[in-house]
Amino acid sequence: MSEDEELPDLGGGATPNSNSTVVSIGGGDQNYVSPGPDQVLENVLENVLCFLTSRRDRNAASLVCKSWYRAEALTRSELFIGNCYSVSPRRVTNRFRLIKAIAIKGKPRFSDFSLLPPDWGAHFAPWLRAMAISYRALEKLYLKRMCVRDEDLAIAAHSFPILKELVLVCCEGFGTDGLAIVARECRQIRVLELMDSVIRDNEVDWISCFPEDVTCLESLIFDCVEAPINFEVLERLVARSPSLKKLMLNSYISITQLYRLMIRAPQLTHLGTGSFSPLEIVAQGEHEPDYFSAFAACKSLICLSGFKEIIPEYLSAIYPVCGNLTSLNLSYANISAEQLKPVIRQCHKLQTFWALDSVSDEGLQAVSAACKDLRELRVFPVEALEDAEGPVSEVGLLAISEGCRKLQSILYFCHRMTNAAVVAMSKNCPDLVVFRLCIMGRHMPDHVTGEPMDEGFGAIVKNCKKLTRLAVSGLLTDRVFNYIGQYGKLLRTLSVAFAGNTDLGLKYLLEGCPKLQKLEIRDSPFGDSALFAGLHHYYNMRFLWLSACKVTRQGCKEVARQLPGLVVEVIAWNEEENGTSEDVDTLYLYRSLDGPRADAPRLMVRPSLIMLGKALFNYRAGFPLAALKISPSSCGFHALAVEPSPAA
Amino acid sequence: MAHQNDLNLKATELRLGLPGTDESEDMVSTAKNNKRASPASVNDSGLNSAAKSADNETSSASKAQIVGWPPVRSYRKNNLQPKKADSETGIYVKVSMDGAPYLRKVDLKVYNGYSDLLKALESMFKLSIGEYSEREGYKGSEYAPAYEDKDGDLMLVGDVPWDMFMSSCKRLRIMNGSEAKGLGCAL
């Protein structure tokens, strides 16, 4: 749909881009134009469209006709960009003029597990440049897996004077310098949330940079900021933030300091407790504060997290709030079942529970007995090692399925599992929307029967009719993909690792799952013929990721040739010094309106610590690869990479 | 059958080796693409994991770690404290003194021995306890430090070796006046 369409002439200089159709210049009504029927319709439409909030509804409305497209573009105030490279910032700011809230996602999820070079891309800067011109009234900014520099934060603070919400999730590239600028210059900031982001410690006291008067802060989340905090200043900040409802502290805040903050902010609804341990091993000469009553005073507390360096003896302090909690995150607390039980048995309203597998199957049984309203469970491993004898297993999963019938979302790391338990969960928890099971040993079969885990996952897709997200693991054959293709009709996100036997596996998926949006596969034997099976569908997807599979450069080139609207990024190892082997290490393809990106990483090869055959690499900064961008507009492809220089 | 797994006998098994490693479990299969090295890892543990995955030609007692597997974010991996064994966390015991309005708590692990502990108690409660003698207890002092042991008996502090005391002491009590004298003389 071209945006440069000639607009119908309504005379008098009135343009459909303005809400007003009356143009009067100077005296008299010589320039008055009575609104034509098209314009009236458009005005009505704009007023009605204001009520459409869901972006999917709006996307649908914009496809009706050009007039609706224009009206929708004018009235959309919230924008969601699922892949920052799918469209250029310019194109976005040209189409949408009135954006108040924007969410942009960058790197694919597998980058969290070091499967992409650190300088791969997803830079916020180009978006910022466009937005700084066009969206000065921006109020909300949400970025996920983007590279954000301190300078970017400075420019943002400067360009968006009424910025109210800044949320950075899994971002990196900035430090406490940038935070200081935000604190100082974003005078209207209500929400500042930093989650799972890597933030440099520039040794700046950023907390001191908030304005001295009463703030309008409602949410301050900085538990991932690995830098000491000026506590006295923080205390004063909390004291002068009467609207503060969410506060999540980092592990530099001791439990005694937590106490002081809590008594200043009993109105909190969401609390991240920091380290939850005292600074010194023994508080000698100091009477220990009454933590129990501090918690008792927080009558609105419904969400508790933190516990980053917990001394389990202090856990009993949270008893007063357990009965009200809807969310409890103990996923940094290495506690046993015995330590969990007295807490969890009081949490009868709990809907979200995150824990470490240190609580063991027994702890999960206690959860199952107490938390009948549980909707989301996540169990993370204390030791993320493949071959360990983990403390949770199918026993815990089964217990949860029997006690928590309303379960909607589960992420479960374990070392052993059985099909029977997974099948049971599929039947006991029909409301499951998200099922992510990670059996940490590669190719692990059902540890009781020795069979592949096909039947278990098959039952999940068959019985859980609302399932939209699935992650599979363990020993899996092509059969499981057959099941998924057959039954996973609502599936949007699928994660696969070390699974399948032949191309058939991937074919089943691509042919069978019409709603598939995000498909990420690693270390599975899927090759070119499977890749071609998805040609009919790739334009409907957010992305496809294949790493350590069996696709070749030829295959990738062919896909790019047939689908010019895709960007096909290929990362390959340069095995021979001058050769280009057919092997593709990582394929990342996605639809894009604006062709290949200009900011792909250059090849960097430096001498490495270990010579690996002929490949050279550097752990910290370099990534020994040839990044090929296959341009859809040309017949061949161009390699952006420079040939590797000989090792020094 | 399910209950067998609950016992988790392996966890209590005495053996040499790092927690989490299990030499008896073999790799099901080596990485499918043997000639391919895995991408460099960017986090601090990258050195080890990349080095190990470089050895996928050679079998080793410890499995080669694959980059990015299991899929746990490095932020989470780096932030996890290893489980503090009971011997590593503090041994906090209550200390009461007859007549004092409220109790105190001390961590026995912090002290090197009895003299350390007693000095701390003297400073905490502003009193003088004096020196221990096996025959006469704490002579020359109004106060006698006592403790309640596992059996619930009230014992004089100092009779048993420090380590034994640490594991058997449940709470401390500083007795004074005639009661204290009685305890001292009972020996």
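Residues are classed by relative accessible area, with buried meaning under 20%, exposed over 50% and partly exposed in between (1.4 Å probe, protein chains only). The structure described here is a predicted model, in which local features need pLDDT of at least 70 and side-chain atom pairs count only at pLDDT 80 or more, while totals for chains, interfaces and linings use all residues. Residues are numbered from 1 along each chain as its sequence is written, chains are lettered from A and ligands numbered from 1 in the order in which they are written, and side-chain values use heavy atoms, with hydrogens and water left out.

Aromatic contacts are described next. Rings of Phe, Tyr and Trp (its six-membered ring) pair if their centres lie within 6.5 Å; planes under 30 degrees apart count as stacked, over 60 as edge-to-face and the rest as tilted. Over all chains, 24 aromatic pairs are found in a search of the whole structure. One of them is the edge-to-face pair of Trp206(A) and Phe222(A), with 5.6 Å centre to centre and 85° between the planes. Trp206(A) is in the loop between strand E7 (198-200) and strand E8 (219-221) of chain A, and Phe222(A) is in the loop between E8 and helix H8 (231-239) of chain A, so the pair ties together parts 16 residues apart in sequence. Helices (H or I, at least four residues) and strands (E, at least two) are DSSP runs, numbered from the N terminus. Both Trp206(A) and Phe222(A) are buried.

The rings of Phe481(A) and Phe526(A) have their centres 5.6 Å apart and their planes at 85°, so this pair is edge-to-face. The pair links distant parts of the chain, with Phe481(A) in helix H17 (residues 478-487) of chain A and Phe526(A) in the loop between strand E19 (518-522) and helix H19 (528-532) of chain A, 45 residues apart. Phe481(A) and Phe526(A) are both buried. One aromatic cluster is formed by Tyr85(A), Phe110(A), Phe113(A), Trp120(A), Phe543(A), Trp545(A), Tyr588(A) and Tyr590(A).

A charge sits over a ring if NZ of Lys or CZ of Arg is within 6 Å of the ring centre and within 35 degrees of the ring normal. Tyr85(A), a member of the aromatic cluster, has Arg597(A) over its face, at 4.5 Å from the ring centre. Between the chains, Arg76(B) lies over the face of Tyr332(A), at 4.6 Å from the ring centre.

Arg597(A) is in the loop between strand E22 (586-591) and strand E23 (626-630) of chain A, whereas Glu569(A) is in strand E21 (residues 566-572) of chain A, so the bridge ties together parts that are 28 residues apart in sequence. Both partners are buried, Arg597(A) with a relative accessible area of 6% and Glu569(A) with 7%. Elsewhere, Arg58(A), Glu72(A), Arg76(A) and Arg95(A) are joined into one network by salt bridges that share partners.

A further salt bridge joins the side chains of Lys466(A) and Asp431(A) (3.0 Å, N to O). Lys466(A) is in the loop between helix H16 (454-463) and strand E17 (469-471) of chain A and Asp431(A) in the loop between helix H15 (419-428) and strand E16 (434-439) of chain A, so parts 35 residues apart in sequence are tied together. Lys466(A) is partly exposed at 45% relative accessibility, as is Asp431(A) at 27%. Asp373(A) and Arg375(A) also form a salt bridge through their side chains (2.9 Å, N to O); Asp373(A) is buried at 18% relative accessibility, and Arg375(A) is partly exposed at 25%.

UniProt, in an unreviewed entry, places the feature "domain: COI1 F-box" at residues 38-77 of chain A. UniProt positions are given in the numbering used here, feature names are shortened, and annotations may be inferred rather than shown by experiment. The span 38-77 of chain A is 75% helix and 0% strand, and its end C-alpha atoms lie 23 Å apart. For residues 99-143 of chain A, UniProt lists "domain: Transport inhibitor response" (unreviewed entry); this span is 22% helix and 20% strand, with its end C-alpha atoms 15 Å apart.

Chain B has seven helices and seven strands. Of its 187 residues, 39% count as buried.

Note on methods:
Salt bridge = Lys/Arg side-chain N within 4 Å of Asp/Glu carboxyl O.
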